Amino acid sequence: MSDPDTRDPDDRAAGSGDAPGLTPPAPEASASELLGAALGGAARRAGLDPSEGKSTGHVVWKAMGGWRGMLESVLPGLIFIVVYTVTIDPATGDGNLWLSLGLSLGIAAVFTVVRLIMRQPVTAALSGLIAAGVAAGFAVFTGEASNNFIPGFVTNVIYGSAFLISALIGWSLIGLAVGFLMNEGTAWRQDKRKKRVFFWLAIAWAGLFAARLIVQLPLYFADNVTALGTLKLIMGLPLFAPLVAVTWLAVRALYPPTPK
């Protein structure tokens, strides 16, 4: 049997992980890092990047998409509920479902076309159009205007559950996103203060989605379309914007801007 140290030096180098000139394989990203990157990327595209040092007002306004984003978010639903309410037949108690859905989808389509013509990003408008189309499909298929709100209920359940579970298991979705944006990965989990703040922020967001369900579901089962649509609008951007501001201020307190 030959002594392994008598092998050719090049052979020994090829079999050694510590050999000079060889780059060890990069470690694979963990599930938490991949999720943090996805969440952080979405937050950055929405203008929610603490490292940019923007003012709270600027961040909230950008998160809502400015005037156009607000119109794209609110107007289709507003048109649906106004037209449906105005056309309610006293004899049946039902409004004109087809007209309400047609105008709502129409305005969503107009927003998308305008962005295409102006060669602007169509993500927000297109997502709004798709959401309106799916909701309209539920209503048309069942013939019940209240079923137009089912996709919204499902979305609230999914988002609310995700935020709640992430907080309870110690992997706050807010923390994962911020960790990516601030280039510290999951190191925030070793800081009790950051972990506590991210826990309560996730709980706050879960509470928002839960509140929508608690308030709106009874109206859905009561088939009160007018009240349901009105409260959906009230509990949309008017509650979303303040919570974005609170989240932003809390994160900025954890990561104060570096003096220049």
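Me: Start with a loop. Where is D223 found?

Reply: This is a predicted model. In it, D223 is found in the loop between α9 and α10, the latter covering residues 225-234.

Me: Why is D223 called partly exposed?

Reply: The relative accessible area of D223 is 35%. Buried means under 20% and exposed means over 50%, with partly exposed in between. D223 at 35% falls between these limits, so D223 is partly exposed.

Me: What is said about phi of D223?

Reply: Phi of D223 is near 60°, which is a positive value in a residue other than glycine. N183 also has a positive phi, of about 60°, although N183 is not a glycine.

Me: Where is N183, and is N183 buried or exposed?

Reply: N183 sits in the loop between α8 and α9. Its relative accessible area is 73%. The cut-off for exposed is over 50%, so N183 counts as exposed.

Me: Which elements make up the protein as a whole?

Reply: The protein has eleven helices and zero strands. Of its 260 residues, 35% count as buried. Among contacts between residues at least 6 apart in sequence, 65% join residues at least 24 apart.

Me: What makes α9 and α11 roughly antiparallel?

Reply: The axes of α9 (residues 192-221) and α11 (residues 237-254) cross at roughly 175°. Angles over 145 degrees count as roughly antiparallel, so α9 is roughly antiparallel to α11. The two axes come within 11 Å.

Me: Which residues make the contact of α9 with α11?

Reply: On the α9 side they include V197, F198, L201 and W205. On the α11 side they include F240, L243, V244 and T247. By class, the residues of this contact divide into 14 nonpolar, one polar and two charged.

Me: How do you know that α2 and α8 are roughly perpendicular?

Reply: The axes of α2 (residues 31-45) and α8 come within 7 Å and cross at roughly 80°. Roughly perpendicular covers 65 to 115 degrees, so α2 and α8 are roughly perpendicular to each other. The residues in contact include L35, G36 and G40 of α2, and L173, L176 and F180 of α8. This contact has nine nonpolar, four polar and one charged residues.

Me: Why is W205 called buried?

Reply: W205 has a relative accessible area of 9%. The cut-off for buried is under 20%, so W205 is buried. Its place is in helix α9.

Me: What does W205 touch beyond four places in sequence?

Reply: W205 touches F163, I174, F240, L243, V244 and T247. With T247 there is also a side-chain contact of 3.0 Å. The cut-off for a polar contact is 3.5 Å, so the pair W205 and T247 falls within it. As for F240, its C-alpha atom and that of W205 are separated by 9.1 Å, with the two residues 35 apart along the chain.

Me: Which residues touch the most other members of the largest nonpolar core?

Reply: This core has 26 residues, and F163, I174, F198, W205 and Y255 touch the most other members. The elements that give two or more residues to this core are α3 (56-63), α7, α8 (173-181), α9 and α11. The most come from α11, with eight residues. A second, separate core of 15 residues includes F80, A136, L213 and L228.

Me: What is F198 in contact with, leaving aside its neighbours within four places in sequence?

Reply: The contacts of F198 are S172, I174, G175, V178, W188, V251, L254 and Y255.

Me: What makes N156 a buried residue?

Reply: N156 has a relative accessible area of 8%, and buried means under 20%, so N156 is buried. N156 lies in helix α7 (residues 150-168).

Me: How do you know that N156 and R212 make a polar contact?

Reply: The polar contact between the side chains of N156 and R212 is 3.4 Å. The limit is 3.5 Å, and 3.4 Å is within it. Leaving aside its neighbours within four places in sequence, N156 is in contact with F209, R212 and L213.

Notes
Residues are numbered from 1 along each chain as its sequence is written. This is a predicted model: local features need pLDDT of at least 70, side-chain atom pairs count only at pLDDT 80 or more; totals for chains, interfaces and linings use all residues. Side-chain values use heavy atoms; hydrogens and water are left out. Helices (H or I, at least four residues) and strands (E, at least two) are DSSP runs, numbered from the N terminus. Buried means under 20% relative accessible area, exposed over 50%, partly exposed in between (1.4 Å probe, protein chains only). A polar contact is a pair of N or O atoms within 3.5 Å; within protein, one must be able to donate a hydrogen and the other to accept it, and residues adjacent in sequence count only if both atoms are side-chain atoms. Contact means heavy atoms within 4.5 Å. Axes are lines fitted to C-alpha atoms, for helices over the stretch in contact, and angles run from 0 to 180 degrees between N-to-C directions. Angles under 35 degrees count as roughly parallel, over 145 as roughly antiparallel, 65 to 115 as roughly perpendicular and the rest as oblique. Ala, Val, Leu, Ile, Met, Phe, Trp, Tyr, Cys and Pro count as nonpolar, Asp, Glu, Lys and Arg as charged, and the others, Gly among them, as polar. A nonpolar core is a set of buried Ala, Val, Leu, Ile, Met, Phe, Trp, Tyr and Cys residues joined through side-chain atoms within 4.5 Å.
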